Amino acid sequence: SLFVVGCHGDGAARLQGKWRGVRAEGVAQEAVPAANAFATATELEVKGDAITVTTPKDKQSGRYKVVKQDKTMLVITTDKDGADDPQTFTFVDDKTVRWAVLDGKSIVFAKQ
């Protein structure tokens with residue numbers, strides 16, 4: 001794949017599009033129903049260098065940049081959260097991505 005310096009490279013290209021949450025992972029057993037309800041009502045939309053996260057309670061948009069990537073992982077920072085709060089996305093396959101939202105807890109998304 002082609003990497004362009006100063007551009008997104010192919011990791012960000014993989015994140016482009018609409019993603020819908022399918023389930024939560026890493027949560028305590030008693031929290032699973034609520035976590036899954038939150039996850040399935042969460043969407044990501046990535047267009048160019050803009051990312052929009054829609055949750056049951058909130059919708060946030062911002063610009064992002066890729067700070068690290070490899071074959072299966074993409075780490076971004078957003079203009080809202082800043083460089084001290086990187087977000088990690090792990091690609092399970094072309095249609096599935098896992099977003100590490102908190103330490104040990106993640107939401108699995110399916111490409112729409």
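The protein chain exposes about 6,800 Å², and carbon and sulfur atoms supply 54% of that area. Accessible areas here come from the Shrake-Rupley method with a 1.4 Å probe, and for residues only the protein chains shown count as cover. Keep in mind that this is a predicted model: local features need pLDDT of at least 70, side-chain atom pairs count only at pLDDT 80 or more, and totals for chains, interfaces and linings use all residues. Residues are numbered from 1 along each chain as its sequence is written, and side-chain values use heavy atoms, with hydrogens and water left out.

Now for the overall build. The protein chain has two helices and eight strands, in the order α-β-α-β-β-β-β-β-β-β along the sequence. Both kinds of element are DSSP runs numbered from the N terminus: helices are H or I with at least four residues, strands are E with at least two. Along the principal axes, the C-alpha atoms fill a box of roughly 45 × 25 × 25 Å.

Among contacts between residues at least 6 apart in sequence, 41% join residues at least 24 apart; contact means heavy atoms within 4.5 Å.

Next, the strand pairing. Two strands pair if DSSP finds at least two bridges between them.

| Strands | Sense | Bridges |
|---|---|---|
| Strand 5 (residues 73-78) and strand 6 (residues 87-93) | antiparallel | four bridges |
| Strand 6 and strand 7 (residues 96-102) | antiparallel | five bridges |

I76 stands opposite Q87 in strand 6, while D93 has T96 in strand 7 as its bridge partner. Strand 6 and strand 7 form a hairpin, with two residues between them.

I51 lies in strand 3 (residues 50-54) and is buried, with a relative accessible area of 7%. Leaving aside neighbours within four places in sequence, I51 is in contact with E45, V46, Q60, S61, G62, Y64, I76, T78 and F89. I51 and V92 are 41 residues apart in sequence and 20 Å apart in space, C-alpha to C-alpha.

Key: Buried means under 20% relative accessible area, exposed over 50%, partly exposed in between (1.4 Å probe, protein chains only).
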